[in-house]
Amino acid sequence: MPVIAVIGAQWGDEGKGKIVDLLAEKAHLVVRFSGGDNAGHTVVNDYGEFKLHLVPSGIFSRQAVCLLGNGVVINPAVLLDELELLQKNGVDTSKFFISDRAHLIMPYHTLLDGLEEEARAGKAIGTTRKGIGPAFADKVARLGIRVGDLLDSVAFGERLRFILEYKNTVLTKVYGTSPLSFAEIYNTYCQFGERLAPYIRETTVILEEALAQGKKVLLEGAQGTLLDPDFGTYPYTTSSSPMAGEGCLGTGISPLRISQILGVFKGYCTRVGGGPMPTELQDETAVLIRERAHEYGTTTGRPRRCGWFDAVASRFSTRINGFTAAAITRLDVLDILPKLKIGVGYELDGQRIDYFPSNITALARCKPIYEELPGWQAPTSDIRRYDELPAEARKYIKRLEELISCPVHLISVGARREQIIEVEPVL
Ligand code: IMP
């Protein structure tokens, strides 16, 4: 009963959607376990090009059941729009279900996300403003409303009234804005509840049955490890864990069940939002990568910061997730570069260090120590076998493998599903 977790190894946007879309062909169950509609998973296949924010990228698979686990925060309006768009494009959504334990993003969450960002002024995190942080904060503060609560309109009304009174005090007294209307939110969310009811399940039962029958389960990560609230560049992080461990907590699967953890790395680095990024480039190579790879946020459209592959951060990511294999994506983006650099260490206050500092002011002072490799300057998008890659590209992959201490099993060379090199079979 293989359970494989697909995890972002950098700052998100590593191309997890494409990998999940591919692996979902062989999976019976695909489960999202963290984040919310801050995620943007681009999938290009026979149905067209989709930018999914909530529905698992496995939705295109003929046989896979897709779940949103308890660890996801759900904006019902976004989810319902996404389902409608998929249905319009002929995608079967009858095998899609959501956990009754998942928390809801409420209108005050999105409002507060924006207000908090503005209050941070020069120290803004650069959130997606989708209400993710405030929703997860309410979850742990025991002020959240869960998907299952929508199934009992009386109890939902009581809970909303109690929470909204508190939220309206914050909105009016702290931020000086107008209060939100109970009736408006209540009516809208009761309608959402009616529309979502057919999808709401005790998803741990579905998972348990699948595992008992030895079925293949794929845990679909969102965001990337360096945005983890504990191990990422805190406070410039997201608010739920994108790491493999959350694959258990955000679904209700025992840690003993996970058999493989696939770390997804881009062949270079990108980051969107604030916070340190040691190998960031500000030169024409950054522009070249951004334009060639269209490195603009899927959710917000913001230009992504681009830089060389950071092996220090990547090794850290491998260690704390326990990756059993790696996928290197977007190798084709590097096809035109005459030389490539890899950050193999940092210089911090005149000393060489080989670890990823927990303190962001220290990380911001880190200057990368680079190793230079020759580029291959040949197209790779049509290559499907590892041994057909140019020698310099294979050398680059081998060096990444050594530096991150993890074997590379998949290499992606383009956006389409078939543009992938399977070095070793996965799943
Ligand atoms: P939030 O998750 O919207 O609160 O944003 C917090 C930080 O995580 C910001 O720097 C965002 O740009 C970043 N972030 C959130 N989701 C993603 C993602 O899917 N890809 C890349 N960055 C993300």
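I started with Ala 121, which sits in the loop between α3 and α4 (132-140); helices here are DSSP runs of H or I with at least four residues, strands are runs of E with at least two, and both are numbered from the N terminus. Phi of Ala 121 comes out near 45 degrees, a positive value in a residue other than glycine. Most residues other than glycine have a negative phi, and most peptide bonds are trans.

Housekeeping before I forget: this is a predicted model, with pLDDT of at least 70 needed for local features and 80 or more for side-chain atom pairs, while totals for chains, interfaces and linings use all residues. Residues are numbered from 1 along each chain as its sequence is written, and side-chain values use heavy atoms, with hydrogens and water left out.

Next backbone item: the peptide bond from Tyr 234 to Pro 235 is cis, with omega near 5 degrees. I found Pro 235 in the loop between β10 (217-220) and α8 (246-249).

Then the ligand. The side chain of Asp 13 has an N or O atom 3.0 Å from a ligand nitrogen. For Thr 128, a side-chain N or O atom is 2.5 Å from a ligand oxygen. Thr 238 puts a polar side-chain atom 2.6 Å from an oxygen of the ligand.

On to helices: how do α3 and α5 pack? The axes (lines fitted to C-alpha atoms over the stretch in contact, angles running from 0 to 180 degrees between N-to-C directions) of α3 (residues 107-120) and α5 (residues 153-174) come within 11 Å and cross at roughly 20 degrees. That makes α3 and α5 roughly parallel, the word for angles under 35 degrees. Contact (heavy atoms within 4.5 Å) involves Tyr 108, Leu 111, Leu 112 and Leu 115 of α3, and residues of α5 including Ile 163 and Lys 167.

Last pair: α2 (residues 76-88) and α6 (residues 182-196) pack at about 40 degrees, with axes 10 Å apart. I therefore call α2 and α6 oblique to each other, the class left over once under 35 (roughly parallel), over 145 (roughly antiparallel) and 65 to 115 degrees (roughly perpendicular) are taken out. On the α6 side, I noted Tyr 189, Phe 192, Arg 195 and Leu 196 in the contact.

Key:
Polar contact = N/O pair within 3.5 Å; in protein donor to acceptor, adjacent residues only side chain to side chain.
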